[in-house]
Amino acid sequence: MRRAAATAKLNLALVVGPLRDDGRHEVATVLQRLDLADRISVEPAPQLRVEGFPEDTLVRRALESLADAAGTEPRWEARIWKHVPVAAGLGGGSSDAATALRLANETLPEPLPAEALTELAASLGSDVPFFLTSGPQLATGTGIDLAPLDLPQDYWVVLVLPRAESKSSTASVYEAFDRRNGSEGFEGRRARLDDNLPLVRRPRDLASLPPNDLATSPLADELLALGAFRADVSGAGPVVYGLFLHREAAAAAKRELRRHGRTWLTVPTWYG
């Protein structure tokens, strides 16, 4: 049996542009892994089974796609231990799928090469290829074109999942973005991201990155008031994050914000 962590991610910046000819939006986003993680196990089995999370569809699709690409039957049993909140903007499902892909691929007599595995991951969702990499990445195009970033990792992260707030579908979030002409000024925001990323040396420098184009939350202002040097929504939300230099301040903010919903205190991580 093979086991691995399936880490959550943050969008430390999310710049969204107009619709492309393929019907998807142009994006530029900074992706950072978090120590908050699901656990995945995969082992050979007589037939495909995915246990532990009844709502899963993506891990099953990933394993079926891998078997198809390898010219074999999907004979694995996968188990998911969920710790990352579902449909919250943290990429938990995508991370589970990428981790299951990697583990199952290692069991094949002739594993797919990295390039083929990444291409397969991209067919499952724009976040999935990121979870086959290590370290922060700049994701561009539709989110699958990745370039490694050397960003500071020495800070604390407070996550808040607002009570009684559920995520709209990703499609509806983008539809709302289009209705308000959100892509206007994309080139300027993208230029700000490109200009500021090379200047990030210390954690506080992350505050210079442009904010999330898709979603905002008043909780970001509250996190800033509690000492965060940057706060924003991750992905399409609804999770809001705050970045802190010191654990004591982060822990105090976590306690204070419990009245709004579930909270977590975690840190960046380089690997899954």
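Which residue in β9 is the bridge partner of A231?

Reply: Happy to. The bridge partner of A231 in β9 is G242. Before going on, a word on the basis: this is a predicted model, where local features need pLDDT of at least 70 and side-chain atom pairs count only at pLDDT 80 or more, while totals for chains, interfaces and linings use all residues. Residues are numbered from 1 along each chain as its sequence is written, and side-chain values use heavy atoms, with hydrogens and water left out.

β8 and β9 (residues 240–244) pair in the antiparallel sense through four bridges; strands pair if DSSP finds at least two bridges between them. Elements are DSSP runs numbered from the N terminus: helices are H or I with at least four residues, strands E with at least two. This pairing belongs to an open, antiparallel sheet of four strands, ordered β8-β9-β7-β10. Its edges are β8 (230–233) and β10 (261–266), each pairing on one side only. From one strand to the next, the twist averages 15°.

Two helices lie across these strands. Helix α7 (residues 247–256) lies over β7, β9 and β10, at about 170° to β10. These angles run from 0 to 180 degrees between N-to-C directions, with axes fitted to C-alpha atoms, for helices over the stretch in contact; contact means heavy atoms within 4.5 Å.

Now for a helix pair elsewhere. α2 and α3 pack at about 145°, their axes 11 Å apart. L101, R102 and N105 of α2 meet L117, L120, A121 and L124 of α3. Those contact residues divide into five nonpolar, one polar and one charged, where Ala, Val, Leu, Ile, Met, Phe, Trp, Tyr, Cys and Pro count as nonpolar, Asp, Glu, Lys and Arg as charged, and the others, Gly among them, as polar.

Leaving out residues up to four places away in sequence, L63 touches L48, P74, W76, A78, A100 and A104.
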